[in-house]
Amino acid sequence: MQGASSASARPSSDWPRRDAPIDLAELTLTELEALFDQRHLPRFHARQIFRWIWKRGVTDFSAMTDLGLALREQLAEDFRISTPAIVRRDVSEDGTQKFVLALQDARRIESVFIPDTPAQTFCISTQVGCAMGCAFCLTGKMGLVRNLTAGEIAGQVRVLSHALQLPEFNIVLMGMGEPLHNYDATLKALTAYTGGVHLILGGYDKGAEFAELAAATEGRVKQVLLIGATAPRLATAFAARAATAGPLATPYVLCGDLQGAVTAAAASAEPGDVVLLSPACASWDQYRDYEQRGEQFLRLVSELRARS
Ligand code: SF4
């Protein structure tokens with residue numbers, strides 16, 4: 001992942017197929033409840049299923065034992081729960097594990113488990129390929145094949161958690177793809193695991209427009225934390241949005257630099273929230289490259305954990 005200038009890259013995709021049964025792993029809890037309302041099924045069953053999928057990692061309807069047998073059979077007939085399949089797992093000497101996962105349309109992505117972090121970390125993908133074309137990156141050479149769906153993004157976490165038998169972990173979105181080019185699905189995926197997202201934005205000012213980004217965050221992130229040279233223009237975009245969207249607009253905080261943003265996020269985040277570093281801008285006003293930026297983010301978070 002590296003800085004992106006726009007939230008609006010579109011997938012070159014024929015996926016998911018329109019005639020496929022509804023994939024329950026693609027739905028937020030609110031969407032699942034609405035679906036059950038439509039089918040005249042009690043809402044609490046939606047909450048039970050959501051827990052089975054996202055808290056317990058169970059995707060076989062027949063194993064959802066607190067649902068009646070008839071309902072389990074009906075669900076299996078009407079819906080599906082898709083999960084990326086592990087086709088390869090490489091373990092390196094330092095304990096890092098690379099997973100190659102096959103999607104339902106046979107396309108492949110990579111997810112990585114990084115053990116030597118303060119909490120164990122899953123590095124997951126948000127796209128098949130990537131449009132950013134960074135010269136040093138193999139994924140960049142593929143170009144963008146398609147965006148991952150929310151279920152495919154969140155499903156990588158479910159797969160790694162199950163394969164490694166890890167109930168607690170950090171998530172970083174630094175696998176294949178640029179998350180802000182697949183913004184809606186990425187934020188939707190994160191809501192499967194979190195109470196809310198605190199999004200750190202900003203960096204070198206390349207003159208991009210941010211009105212679309214400001215609108216896209218509404219209802220999806222708790223706040224944006226603005227850093228770097230672009231921060232004032234981002235603040236202007238979010239303030240303009242607040243003038244039209246009122247209380248629905250996403251709150252923003254000017255934080256100066258990454259340290260200020262991590263401190264501000266830690267002060268307001270609640271248990272289960274995610275602090276997402278996805279700047280939407282290149283960072284060469286502050287860092288040598290994205291690796292140095294990621295290292296500083298990790299160090300700041302580690303220092304917070306050590307103090308808590
Ligand atoms: S996946 Fe590769 S090409 Fe895409 S943003 Fe990340 S480093 Fe750049």
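In this predicted model, helix α1 passes helix α2 in a right-handed crossing.

**Helices α1 and α2**
- The axes of α1 (residues 29–38) and α2 (residues 43–54) approach within 8 Å and cross at roughly 140 degrees.
- From α1, the residues Leu29, Leu32, Glu33, Phe36 and Asp37 meet Arg43, His45, Ala46, Arg47, Ile49 and Phe50 of α2.

**Helix α6**
- In α6 (residues 183–191), the buried residues are Tyr183, Ala185, Thr186, Leu187, Ala189 and Leu190.
- These buried residues pack against the strands β8 (144–147), β10 (197–202) and β13 (274–277), and against the helices α5 (150–164) and α7 (211–216).

**Shell around the ligand**
- Twelve residues lie around the ligand, and Cys130, Met132, Cys134, Cys137 and Gly140 come nearest.
- The shell is made up of six nonpolar residues, five polar and one charged.

**Threonine 139**
- Threonine 139 is placed in helix α4 (residues 138–142).
- Threonine 139 counts as buried because it has 23 C-beta neighbours inside 10 Å, where the cut-off for burial is 20 or more.
- Apart from neighbours within four places in sequence, threonine 139 is in contact with Gly129, Cys130 and Met176.
- Glycine 177 is 38 residues from threonine 139 in sequence, and their C-alpha atoms are 7.5 Å apart in space.

Methods: Residues numbered from 1 in each chain as written. Predicted model: local features only at pLDDT ≥ 70, side-chain atom pairs only at ≥ 80, totals over all residues. Axes fitted to C-alpha atoms, helices over the stretch in contact; angles between N-to-C directions. Helix = DSSP H or I, 4+ residues; strand = E, 2+ residues; numbered from the N terminus. Left-handed = near helix turned anticlockwise from the far one by under 90°. Contact = placed C-beta atoms within 7 Å. Buried ≥ 20, exposed ≤ 12 C-beta atoms within 10 Å, placed from the backbone. Near = placed C-beta within 6 Å. Nonpolar A, V, L, I, M, F, W, Y, C, P; charged D, E, K, R; others polar.
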